[in-house]
Amino acid sequence: SQLPGWSVRPDGSIVIATGNDDALGVYRCTPYNSYGTAGESRPTRVLLKDPPAFTVRPKEEYFQEVGRELVIPCVAQGDPPPTITWLKVGSAGKSSAQVDGNSSLVLHPLIKEQHGVWECRATNRVATVTTATSIHVLGTSPHAVTNVSVLPLLLAANISWQPGFDGGYFQRFSVWYTPLVKHPPRAHHDWVSLSVPAGAQHLLVENLQPDTSYQFSVLAQNKLGSGPFSQIVTSVPRGFPVPTVPPEPPATTVRVFLSPPRALTANETARGVLLRWAPPVPAPPVALSGYALELRQDKGGWEVLERSIPGSDTQVLVPGLIKDAFYEFRLVAFAGSYISDPSNTVNVSTAGMEVYPSRTQLPELLPQPVLAGVIGGICFLSVAVIFSTMAACIMNRRRAARGRKRRQDPPLVFSP
């Protein structure tokens, strides 16, 4: 029959929720199915044993001078009697712990490295139980700080930490940092140290370079000396945020507000080429300022021929084109700060046209070297004419003077 707290699992195991005297005895298991059974299992005996229990526990904390002796008791009982062991929490290897006949921890002489949390462990075949205590070794340099964290800020970093044991004396902190560069100028990094105000557990490091990796570490000091550096933490300060405001639109985007002049045409007249056009449609948001006329000759580069055509005009006369040349004309409209796209292009050929002799051309249409040569020739001829005129005047004056002198002199009389 089943007792309260007893159950059988689908795999045939029996579960006794609470072990007591009712569970003591010999047990056999009999498997069976529709064909019967092959017999019982071998008997197994259930015994009740007591897990370890501490009768003497260590205190929560112990304070002792370095070099002195420290004895910490720990006693446990159970059935079977447990084994007592001591272990320093966080110790990578074996700790220099000695246990006397009463299972007490004996530390002699006490050293700085034995500072920390120690665990007393009682173990038997039934279970393992533990209890812990903290040992504070006085009269030493500070211990390393822990939980160093770096919060990256704009061209700065905020460093915070958890202080270690001060060794029994007042301790101060300093933050050390250095940039990480791919090719340092020297074999070793230059670490910069900053003092931390008394009692503070954080420090703001400013004037850092953006997008540059930095290493940070914290050092504790008291009157006996410096403790070990903390773990090194690497962080990258934030740079200036990328502006989210879109840049000013280029000049091409404002041209959509002003349409180009329409229906540009070219007609030959006795005085030159007459260009006609229609104003932009729709009308610009501001008053039309004027037009600029551009041309290019023989598929060359575009040049501005006239940039101050009034906005009220719809035609312009272009005289003085070179004979036997090919021209292209186009217009651009202006309205305030807006500029339109160029109008349609009209072509003009002066091949075989007598109305456009090569000598009647606009000075601005001549290439600059040719124009300079023409001006220089004109100036040379002008100077030559002036000098010739002055020379003629001087010669005439001398001839007139000699004539007057001959008339004034008395005739010569020769006697025999």
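This is a predicted model: local features need pLDDT of at least 70, side-chain atom pairs count only at pLDDT 80 or more; totals for chains, interfaces and linings use all residues.
Strand β11 covers residues 105–107 and is joined to β10 by 2 bridges, with the two strands running antiparallel. Both belong to an open sheet of 3 strands, ordered β7-β11-β10 and paired in the antiparallel sense. The edge strands of this sheet are β7, residues 70–72, and β10, residues 98–99, and each of them pairs on one side only.

Strands of a sheet pair through backbone hydrogen bonds, and the pairing is either parallel or antiparallel.

## The chain as a whole

The protein chain holds 2 helices and 29 strands. It has 416 residues, of which 28% count as buried. Among the contacts in the chain with a separation of 6 or more, 60% come from residues 24 or more positions apart.

## Sheet β22-β23-β26

Another open sheet of 3 strands has the order β22-β23-β26, again with antiparallel pairing. Strands β22 (262–268) and β26 (315–318) are at the edges; each has a single partner strand, so one side of each has no neighbour in the sheet. On average, neighbouring strands of this sheet are turned by 20 degrees against each other, with direction ignored.

The pairing between β23, residues 273–278, and β26 is antiparallel and extends over 4 bridges. R276 takes part in it, and its bridge partner in β26 is Q315.

## Strands β27 and β29

Strand β27 spans residues 326–335 and is joined to β29 by 4 bridges, the two running antiparallel. The bridge partner of F326 in β29 is S349.

In a regular strand the side chains alternate between the two faces of the sheet.

## Aromatic residues

A search of the whole structure gives 8 aromatic pairs. One of the pairs is formed by Y214 and F216, whose ring centres are 6.3 Å apart; the planes stand at 35 degrees, so this pair is tilted. Y214 has a relative accessibility of 5% and therefore counts as buried. F216 is also buried, with a relative accessible area of 0%. Another aromatic pair, Y327 and F329, is stacked, with 6.2 Å from centre to centre and 25 degrees between the planes. Both Y327 and F329 are buried.

Y214 and F216 also belong to an aromatic cluster, together with Y177. A further ring, that of W302, has the charged end of R330 sitting over it, 4.0 Å from the ring centre.

## S174 in strand β16

S174 is part of strand β16, which covers residues 172–179. Is this residue buried or exposed? S174 is buried, because its relative accessible area is 8%, below the 20% limit for that class.

The side chain of S174 is joined to that of W176 by a polar contact of 3.0 Å. Leaving aside residues up to four places away in sequence, S174 touches L194, S195 and V196, and also S217, V218 and L219.

## E61 in strand β6

E61 lies in strand β6, residues 61–65. Its relative accessibility is 42%, so E61 counts as partly exposed; that class lies between the limits of 20% and 50%.

Which residues does E61 touch, not counting those up to four places away in sequence? They are T133, S134 and H136. E61 and T133 are 72 residues apart along the chain, while their C-alpha atoms are separated by 5.6 Å. With H136, E61 also makes a polar contact, in which the two side chains are joined at 3.2 Å.

Note on methods: Residues are numbered from 1 along each chain as its sequence is written. Side-chain values use heavy atoms; hydrogens and water are left out. Rings of Phe, Tyr and Trp (its six-membered ring) pair if their centres lie within 6.5 Å; planes under 30 degrees apart count as stacked, over 60 as edge-to-face and the rest as tilted. Buried means under 20% relative accessible area, exposed over 50%, partly exposed in between (1.4 Å probe, protein chains only). A charge sits over a ring if NZ of Lys or CZ of Arg is within 6 Å of the ring centre and within 35 degrees of the ring normal. Two strands pair if DSSP finds at least two bridges between them. A polar contact is a pair of N or O atoms within 3.5 Å; within protein, one must be able to donate a hydrogen and the other to accept it, and residues adjacent in sequence count only if both atoms are side-chain atoms. Contact means heavy atoms within 4.5 Å. Axes are lines fitted to C-alpha atoms, for helices over the stretch in contact, and angles run from 0 to 180 degrees between N-to-C directions.
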